[in-house]
Amino acid sequence: LDLRQCSVWGDAAAAVAEFAALAPALRGLQKLDLSQWPAPSVGGSPALPDLSPCTALTSLVFHYAPSAADSPVAPHQVDFLSMVTPLVQLQRLEVEKTPWVNPLVAVVLQHMLPQLRCILMGNCGRVSNVVPGGPGQQQQQQQQGQEEMAGLVEEREVVSRLKRLLRPSLLLIVFGDYGWVCG
């Protein structure tokens, strides 16, 4: 089932309600694509979909709405973990444009979801400490470029070390606007 442009439902609370109405159709579902999941409104809670009816799900694609990255009430990684907890049959997980989830989540997911074989993370949060700043003057941009490159190198090293913590049967692929970090 492909549910694209979930953000047309409104903010996260409205999307949760719309998704909940689909619960009877989700019971035997094996593949689900949730794209453009909306950010919560300023006063709302960081609501994510309730996937508990999706107990047969083997493949999940979750893309957050691009504007959600700046949301002051964006969900946290623990909210994401709570969302996928009921998916014990899940084998493939793709998470994209979700800046509040970083590759460290794979360490927890390997224990929570024993059937999980592949995690693809695109344009998600980074695990390294070097975070690029906003654009500035030419000298600042040059320094930023060097910091960005150093951050990318550090990110690759951290993700490589992280992959050694994963069970051999779990493939972690991390990529972003800055290129492939680890595959």
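Which handedness does the crossing have where α3 passes α4? The model I am reading is predicted.

**Entry: α3 and α4**

I looked up the crossing and found that it is right-handed. Helix α3 covers residues 77–84 and helix α4 covers residues 105–112. Their axes come within 11 Å and cross at roughly 20°. Angles under 35 degrees count as roughly parallel, so α3 is roughly parallel to α4. I then listed the residues that meet: Q77, F80, L81 and V84 on the α3 side, and V105, V108, L109 and M112 on the α4 side.

**Entry: α1**

Next I turned to helix α1, residues 12–21. I noted A12, A15 and F19 as buried there. Seen down the axis of α1, its buried residues fall within an arc of 60°, so they line one face of the helix. I asked what covers them, and the cover includes β1 (2–3), α2 (23–26) and β2 (31–37). At the N-terminal end of α1 I found a cap, D11. A side-chain oxygen of D11 lies 3.2 Å from the backbone nitrogen of A13.

**Entry: P75**

Last, I looked for P75 and found it in the loop between β3 (59–64) and α3. Is P75 buried or exposed? Its relative accessibility is 1%. Buried means under 20%, so P75 counts as buried. I also checked P75 against P99, which is 24 residues apart from it along the chain. The C-alpha atoms of P75 and P99 are separated by 9.6 Å.

Terms used. Residues numbered from 1 in each chain as written. Predicted model: local features only at pLDDT ≥ 70, side-chain atom pairs only at ≥ 80, totals over all residues. Heavy atoms only, no water. Buried < 20%, exposed > 50% of the residue type's maximum accessible area, 1.4 Å probe, protein only. Helix = DSSP H or I, 4+ residues; strand = E, 2+ residues; numbered from the N terminus. Arc of directions from axis to C-beta. Contact = heavy atoms within 4.5 Å. Polar contact = N/O pair within 3.5 Å; in protein donor to acceptor, adjacent residues only side chain to side chain. Axes fitted to C-alpha atoms, helices over the stretch in contact; angles between N-to-C directions. Parallel < 35°, antiparallel > 145°, perpendicular 65-115°, else oblique. Left-handed = near helix turned anticlockwise from the far one by under 90°.
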